[in-house]
Amino acid sequence: MIPVAFDYERADSVDHALTLLAEHGDEAKLLAGGHSLLPLMKYRLAAPSMVIDIGRVSDLSYVRQDGDHIAIGALTRHRDVEVSDLVIAEAGLLAAATAKVGDPQVRHRGTLGGSLAHGDPASDLPATVIALRGSLVISGPGGSREVQADDFFTGFLETDLADDEMLTEVRIPRRPDATWSFQKFNRRAQDWAIVGAAVVVDGGTCGVGLVNMDARPVRAAAVEAAVASGASAEDAAALAADGLEPTADLNASVDYRCHLARVLTRRGLEESGR
Amino acid sequence: MQVTVNINGESVSHDVEPRTLLVHYIRDHAGMTGTNIGCDSSSCGACTVHLDGEAVKSCTILAVQVDGQDVTTIEGLADGETLHPMQQAFHENHALQCGYCTPGMVMAAVSLLDECPDPTEEQVREGLEGNLCRCTGYHNIVQAVLEASGSTT
């Protein structure tokens, strides 16, 4: 499978990438690790006429403490997130979910920012960043802005990013005392989740993000509210699919996905000690 | 575009289209056909090579992305006639049947031991989850990797 022909530019900085984006508009796509974009281009589901390679903008690859947040550069590769001592200690859910992305080869190339900017409801990391109440820093011609993860994912493979903007940083609240669980249900190793539940519990509150349960990555708000008001894991998890509209495919019917969401959310809450 | 890649210690330079995949660059332009194409969709791992020392799937990387970087293919593992310890372990454990997945499996296994030198059987199985063997010969492959981990540490 060969992508449709395109022009290629390599950006050497964020400013350079933004200049190229401004020049080429919606004809251009940013290429980070390429493990979301290149498969789409090979299947010819995407055919940008200009590919702007940001893979070597090395100052966007970092994991560091920033006040009460962990700041992760958008171009940080999955492998580097997975083994980061800081992420493991203070955002363990993110380390665990990242370790479930694809396979080792994919994690050597794929980036956190690339996965989030792709906005795939079936991917593990968007729901995880929602559960952790993370936020995303976006740079554009007018400077930078910060968006909560809940507001970033707007539809199927659609995000709040404008054509002339790029994602530069992901910010996760530091929670060393939180307990967590990442439940990924699939039939074979390395498959996408049929449904997944990212759960983090901190004191009396929790965060629950669901994978593949709607057109976009979603928060199980009803579950979180029930937990906050003292419901048991079982009672809270019974609300996991409320208001959501998952799709049916070869792997699962809508009813089965809703069932999985309830079961995986309960397991996640229980494994988190709730 | 002119793309120069250091493949197995030798600098290779070719003028290719930006859409040229690394695996095609390696096979069709550099002429090294040890790296196989299986699923062509980053699932099967047959095309696994090392990029700057780490296992990657060369069907899901553009050649232009690796301009100036180091690639190691299965041809680059042996030292002359002396097999790499992982190749030797595959040989001794009958860890290949049809052999199609073998180059990618060996490259993934070498990278796995670089990151996890003393793995458990479970870690080997999880570490090779990105490589499929259509002969389903996983048992001996896992044995080979475990044996290689003993002989290389």
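Chain A exposes about 11,100 Å², and carbon and sulfur atoms supply 47% of it. Areas here come from the Shrake-Rupley method with a 1.4 Å probe; for residues, only the protein chains shown count as cover.

Some ground rules. This is a predicted model: local features need pLDDT of at least 70, side-chain atom pairs count only at pLDDT 80 or more, and totals for chains, interfaces and linings use all residues. Residues are numbered from 1 along each chain as its sequence is written, chains are lettered from A and ligands numbered from 1 in the order in which they are written, and side-chain values use heavy atoms, leaving out hydrogens and water.

Chain A, then. Its secondary structure comes to twelve helices and 14 strands. Those are DSSP runs, numbered from the N terminus: helices are H or I, at least four residues; strands are E, at least two. Chain A has a radius of gyration of 18 Å, close to the 19 Å from the globule rule for 274 residues, so chain A is as compact as a globular protein of that length. The radius is taken over C-alpha atoms, and the rule is 2.2 Å times the number of residues to the power 0.38. Of the 274 residues, 58% are buried. Buried means under 20% relative accessible area, exposed over 50%, partly exposed in between, with a 1.4 Å probe and protein chains only.

Now the cores. A nonpolar core is a set of buried Ala, Val, Leu, Ile, Met, Phe, Trp, Tyr and Cys residues joined through side-chain atoms within 4.5 Å. The largest has 32 residues; among those touching the most other members are A:Ile72, A:Leu94 and A:Leu125. Apart from it lies another core, of 30 residues, including A:Met41, A:Ala46, B:Val16 and B:Cys47.

Buried or exposed, or in between, at 33% relative accessibility? A:Tyr256 counts as partly exposed. Leaving aside residues up to four places away in sequence, A:Tyr256 touches A:Phe185 and A:Asn251; contact means heavy atoms within 4.5 Å.

On to chain B. It has five helices and five strands, running β-β-α-β-β-β-α-α-α-α from the N terminus. The C-alpha trace of chain B spans about 45 × 30 × 25 Å along its principal axes. Buried residues make up 52% of its 153 residues. The accessible surface of chain B comes to about 6,600 Å², with 46% belonging to carbon and sulfur atoms.
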